[in-house]
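Please consult the sequence and the model while reading.

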Amino acid sequence: MGLSLSLLSKLGIPGVSSMYTDQIYDRFFKEKNIKEFQEFHTAFIDLCKSFNDVMPGKHFGAPTIEKVEDFYERWKKITDEKERREQLITFVKDEVKEYKTDDNAVIMAGLIVPAAAVMLKNTAQNVPPVKQFKLHLVPNFVFVPTITMLALAGVQLVQAGKKSHS
């Protein structure tokens, strides 16, 4: 996550990383006047959800509730607003992890499925069980992208299932 926040500063825009972290702290934590752990946890989950909604292709996982609760117990004892902000940003950078996707599976599906779809459509006319679907009536410019998108969605679903089990 630190990479995505500091990317603009590495491109030569000074102070961008600090500007974004200040906005994150103000929007999700300072304005809510947090007193209890449940309020802090809700704000933290909102932060992670916001990152997932905004970042294209990247998704971030929140740390366990035990880690968040442990951090909150230390964080609520800090009275200096600047120190609270720094501690929170450090915690987010250390504990909020980016979900990695298997890009190779997506690329392979994107390369192999269109050719396989055309072969399926051409051979379907000769296979009696598949012949009843009358695939020859569907134009290639509709059939191939549809099958490709379904295959890519299937790859993403399989990857999402693997993430939820790990």
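Glutamate 95 counts as partly exposed because its relative accessibility is 23%; buried means under 20% relative accessible area, exposed over 50%, and partly exposed in between (1.4 Å probe, protein chains only). The model is predicted, so local features need pLDDT of at least 70 and side-chain atom pairs count only at pLDDT 80 or more, while totals for chains, interfaces and linings use all residues. Residues are numbered from 1 along each chain as its sequence is written, and side-chain values use heavy atoms, with hydrogens and water left out.

**Salt bridges**

- In general, side chains of opposite charge can pair when their charged atoms come close.
- One of the salt bridges joins lysine 67 to glutamate 95, with the closest N and O atoms 3.2 Å apart.
- Because lysine 67 lies in helix α4 (residues 65-75) and glutamate 95 in helix α5, this pair ties together parts that are 28 residues apart in sequence; helices (H or I, at least four residues) are DSSP runs, numbered from the N terminus.
- Lysine 67 has 42% relative accessibility and therefore counts as partly exposed.
- Another salt bridge links the side chains of glutamate 73 and lysine 76, at 3.2 Å from N to O.
- Glutamate 73 is partly exposed, its relative accessible area being 32%, and lysine 76 is partly exposed at 42%.
- Arginine 85 and glutamate 86 also form a salt bridge, their closest N and O atoms lying 3.2 Å apart.
- Arginine 85 counts as buried at 15% relative accessibility, whereas glutamate 86 is partly exposed with a relative accessible area of 35%.

**A buried arginine without a salt bridge**

- Arginine 84 lies in helix α5, which spans residues 81-95.
- Arginine 84 is buried but has no salt bridge, and the nearest side chain of opposite charge, glutamate 81, is 4.7 Å away; Lys and Arg count as positive and Asp and Glu as negative, while His and the chain ends are not counted.
- Apart from neighbours within four places in sequence, arginine 84 is in contact with Tyr25, Trp75, Lys76 and Ile78, contact meaning heavy atoms within 4.5 Å.

**A buried histidine**

- Histidine 41 belongs to helix α3 (residues 37-54).
- With a relative accessibility of 14%, histidine 41 counts as buried.
- Histidine 41 touches Ile65 and Val68, when residues up to four places away in sequence are not counted.

How values were computed. Helix = DSSP H or I, 4+ residues; strand = E, 2+ residues; numbered from the N terminus. Salt bridge = Lys/Arg side-chain N within 4 Å of Asp/Glu carboxyl O.
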